[in-house]
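Please work through each task before reading its solution.

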Amino acid sequence: MENNKIIKSGFVAILGRPNVGKSSIMNWMVGEKVAIVSDKAQTTRAKALGVCSRDGVQIVFVDTPGIHRPRTKLGEFMVKAAKDARDGVDAIMVVLDAGYIGKGDEEVMQSVRREKCPKFLVINKTDLVKPEELMPRLAQLDVSGFDQVVSVSAKKGTNMETLFSLLKDALPEGPEYFPQDMMTDQPERVLVAEIIREKALNNLHDEIPHGVGVEMLSIQKLSDTLTEIHANVYCEKASHKSVIIGKQGAMLGRIGSQARVDIEKLLGTKVMLKLWVKVREDWRNRKEDLRNLGYEDTE
Ligand SMILES: Nc1nc2c(ncn2[C@@H]2O[C@H](COP(=O)(O)OP(=O)(O)OP(=O)(O)O)[C@@H](O)[C@H]2O)c(=O)[nH]1
Ligand SMILES: [Mg+2]
């Protein structure tokens, strides 16, 4: 694939309820973990691109926050980002969780039905349900308006190549939008903040993860082999702060050391990571805080 060569290419928006596996599907297609993933709903908070370049094809996936009923300004930003992401794309994927298909899914499906571009309904997490349970569930689903229905498991890779081929076939001939070695549009400081947030999500429970935000303070390359990184971890209550820090700093230490492993892989240097936990009451409703964390509508 060379520059200016005519190839099959296009943008594919990935939409769906929270936690159905949108980011996991994008990561599988890109072949690298460009978006964070967790078992907590509302992991993805902003639109992000994942670029899959191979065999004369370039598919630019637009990963989006899960569509839900927002209860904070952050939630409103997230849902708007998901809704806006469909503008100008060449195809849309609506992702469902095979284990649970409900009203929220139907609403997402309904909202894209009238879009003119090719539409794919992707049933993910098929590894978690028996085919005899899934079949009747799918039979009840109104798939009108969708061009293809594909069952996959992003975790096991089942049927993902089939999904790739179907997407490829639906795309027009077009330019190479991004260099082949570029896998995401997200800058380094955002990727680092997201890795820290992922480790916080994976280690925290109940309502605490939803109120976690990571503010990058500095990324300083001290030498070719060492980077020093400072970041604030926001939370919403003093009681959350003590859980995040943990007994004698054990929890923060765990989050930091798990994050360090992934950041070292990303940057290709050793990393010294310094995290500070800060209480910012109700930050998810405060414009200034949302802006500092990059959750700002730039359009
Ligand atoms: N068993 C199984 N788990 C999966 C599969 N795909 C994703 N998961 C898990 O489902 C959870 C949610 O995955 P994500 O990719 O973060 O889901 P998402 O739709 O991006 O979620 P939000 O960003 O919160 O909207 C994670 O724990 C994943 O590991 C799958 O095919 N099978
Ligand atoms: Mg996600």
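**Exercise 1: The ligand shell**

Task: Which residues are the closest to ligand 1, and how does the shell divide by residue class?

Solution. In this predicted model, ligand 1 is surrounded by 23 residues, of which Lys22, Ser24, Gln42, Thr43 and Asp127 are the closest. By class, the shell holds six nonpolar, 11 polar and six charged residues. By structural element, helix H1 (residues 22-30) supplies the largest share, three residues.

**Exercise 2: Polar contacts and burial**

Task: Determine which atoms of ligand 1 lie beside polar side-chain atoms of Asn124, Lys125 and Asp127, and then state how much of the ligand is buried.

Solution. Apply the cut-off for a polar contact, a pair of N or O atoms within 3.5 Å.

1. A nitrogen atom of ligand 1 lies 3.1 Å from a polar side-chain atom of Asn124.
2. For Lys125, a side-chain N or O atom is 3.0 Å from an oxygen atom of the ligand.
3. For Asp127, the distance from a side-chain N or O atom to a nitrogen atom of the ligand is 2.7 Å.
4. Ligand 1 taken alone exposes 650 Å², and the protein buries 91% of that area.

**Exercise 3: A loop residue**

Task: Locate Pro175 and decide whether Pro175 counts as buried, partly exposed or exposed.

Solution. Pro175 belongs to the loop that joins strand E7 (173-174) to helix H6 (188-203). Buried means under 20% relative accessible area and exposed over 50%. Pro175 has a relative accessibility of 44% and therefore counts as partly exposed. Between Pro175 and Gly16, the separation is 159 residues in sequence and 28 Å in space, C-alpha to C-alpha.

Notes: Residues are numbered from 1 along each chain as its sequence is written. Chains are lettered from A and ligands numbered from 1 in the order in which they are written. This is a predicted model: local features need pLDDT of at least 70, side-chain atom pairs count only at pLDDT 80 or more; totals for chains, interfaces and linings use all residues. Side-chain values use heavy atoms; hydrogens and water are left out. A residue is near a molecule or strand if one of its heavy atoms lies within 4 Å of it. A polar contact is a pair of N or O atoms within 3.5 Å; within protein, one must be able to donate a hydrogen and the other to accept it, and residues adjacent in sequence count only if both atoms are side-chain atoms. Accessible areas come from the Shrake-Rupley method with a 1.4 Å probe; for residues, only the protein chains shown count as cover. Helices (H or I, at least four residues) and strands (E, at least two) are DSSP runs, numbered from the N terminus. Ala, Val, Leu, Ile, Met, Phe, Trp, Tyr, Cys and Pro count as nonpolar, Asp, Glu, Lys and Arg as charged, and the others, Gly among them, as polar. Buried means under 20% relative accessible area, exposed over 50%, partly exposed in between (1.4 Å probe, protein chains only).
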